Amino acid sequence: MRADRLVATLLFLQERGRVTSAEVAAELEVSERTARRDLEALMAAGVPVYSRQGRGGGWTLVGGARTNLTGLTAEEIRSLFVLLGPVSDTPRMRTALRKLVRALPSTLRTDAEAASRVGLDDGTDWARTAEGGPHLADLERAVLDRARLRLGYASPGGAARVRAVDPLGLVSKAGARYLVADTDGGLRTFRVSRVTSVERTGEAFEPPAGFDLAAAWRGLAGPMEERMAAATVRGRAAPGTAALLDRLLGGRLRLGERDGDGWTRFEADGPSPEVVAAQLAGLGARVEVLAPEAARRRLAELAAELAGLYGAP
């Protein structure tokens with residue numbers, strides 16, 4: 001089709017910068033007359049293609065890095081590859097990134113390659129490694145193929161059971177991978193590391209009308225995040241302890257004013273006062289919990305349990 005040839009001609013011009021009609025003809029396996037007509041058609045359509053006669057002449061695409069088929073500018077392409085670079089930490093992704101670079105006009109490749117090496121995304125904390133699981137690749141393919149699955153899944157502390165799901169997307173949060181899927185009970189999330197089996201039913205599915213993965217994840221994660229911050233514990237931290245608290249609690253910690261004795265006031269969120277108290281217990285006397293009473297009581301219980309197990313110091 002001529003439209004395909006015109007696109008191919010434009011890409012060839014972008015790659016070479018200047019070409020002759022004979023070179024276009026050889027590249028696209030058409031006659032030189034056809035190649036010349038296609039170049040003239042691009043020029044007539046308003047594409048900035050110009051011809052120069054004589055020695056060293058040929059057809060030139062004016063604009064260089066600012067003109068490409070996608071409409072992306074050189075700056076936009078750099079930003080795109082800065083984002084793509086951090087996800088290219090597997091052989092498959094590195095191969096895909098190299099192919100994308102080669103598909104760019106030659107004038108943009110150097111910047112794109114450099115941009116892809118600017119950043120690194122390590123979404124895990126120091127206490128654990130990134131999660132994947134043996135079934136991640138099967139889930140990725142099922143999402144792309146819109147293939148209905150019989151999914152084996154083990155909830156924490158429970159036995160695995162199989163359920164029918166329509167896999168809609170995969171989300172990575174702090175190193176953990178989650179499958180967002182449609183089920184008989186509505187949208188659900190499944191932690192990929194807890195998936196025990198993936199079997200296709202042979203049926204295809206269509207996503208819900210207007211489905212948006214980002215919006216769906218916000219709706220599913222919101223209630224969970226609220227539960228994770230349902231309780232607030234207030235306390236004081238000894239001098240030099242704030243950094244330890246920050247590593248322990250991260251974004252759930254809010255530091256306040258410093259008392260006259262040098263201790264720092266703080267607030268920490270968690271699913272319950274007892275859970276936050278247990279997290280703070282390892283800091284011993286460097287932290288004094290002031291409220292609520294449930295957190296103070298839990299710390300006293302933990303202290304008694306440890307003294308009973310290990311004896312008084």
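Start by selecting Pro 292, which sits in the loop between strand 12 (287-291) and helix 11. This is a predicted model. Show the backbone here: the peptide bond from Ala 291 to Pro 292 is cis, and its omega is near 0°.

Next, select helix 10 (residues 273-281) together with helix 11 (residues 293-310). Their axes come within 8 Å and cross at roughly 45°. Angles from 65 to 115 degrees count as roughly perpendicular and those under 35 as roughly parallel; helix 10 and helix 11 are therefore oblique to each other. The crossing of helix 10 past helix 11 is right-handed.

Now show the side chains at this contact. On the helix 10 side, pick Pro 273, Glu 274, Ala 277, Ala 278 and Ala 281; on the helix 11 side, pick Ala 294, Ala 295, Arg 298, Leu 299 and Leu 302. Coloured by class, the contact of helix 10 with helix 11 shows 8 nonpolar residues, 2 charged residues and no polar ones.

Move to Thr 183, in strand 6 (residues 176-183). Buried means under 20% relative accessible area, so Thr 183, at 18%, is buried. Its side chain has two polar contacts to display. One runs to the backbone oxygen of Gly 186, which the side chain of Thr 183 reaches at 2.7 Å. For the other, pick the backbone nitrogen of Gly 185, 3.1 Å from a polar atom of the Thr 183 side chain. Then widen the selection beyond the neighbours within four places in sequence: Thr 183 is in contact with Ala 164, Val 165, Arg 188 and Phe 190.

Two loop residues come next. Select Glu 29, in the loop between helix 2 (21-28) and helix 3 (32-44). Phi of Glu 29 is near 60°, a positive value in a residue other than glycine. Glu 29 counts as exposed because its relative accessibility is 74%, and the cut-off for exposed is over 50%.

Then go to Arg 146, in the loop between helix 7 (136-145) and strand 4 (147-154). Arg 146 is also a residue other than glycine with a positive phi, here near 55°. With a relative accessible area of 37%, Arg 146 is partly exposed.

Finally, zoom out to the whole protein chain. There are 11 helices and 12 strands to find. Of its 313 residues, 31% count as buried. Among contacts between residues at least 6 apart in sequence, 58% join residues at least 24 apart.

Conventions:
Residues are numbered from 1 along each chain as its sequence is written. This is a predicted model: local features need pLDDT of at least 70, side-chain atom pairs count only at pLDDT 80 or more; totals for chains, interfaces and linings use all residues. Side-chain values use heavy atoms; hydrogens and water are left out. Helices (H or I, at least four residues) and strands (E, at least two) are DSSP runs, numbered from the N terminus. Buried means under 20% relative accessible area, exposed over 50%, partly exposed in between (1.4 Å probe, protein chains only). A polar contact is a pair of N or O atoms within 3.5 Å; within protein, one must be able to donate a hydrogen and the other to accept it, and residues adjacent in sequence count only if both atoms are side-chain atoms. Contact means heavy atoms within 4.5 Å. Axes are lines fitted to C-alpha atoms, for helices over the stretch in contact, and angles run from 0 to 180 degrees between N-to-C directions. Angles under 35 degrees count as roughly parallel, over 145 as roughly antiparallel, 65 to 115 as roughly perpendicular and the rest as oblique. A crossing is left-handed if the near helix is turned anticlockwise from the far one by less than a right angle, and right-handed if clockwise. Ala, Val, Leu, Ile, Met, Phe, Trp, Tyr, Cys and Pro count as nonpolar, Asp, Glu, Lys and Arg as charged, and the others, Gly among them, as polar.
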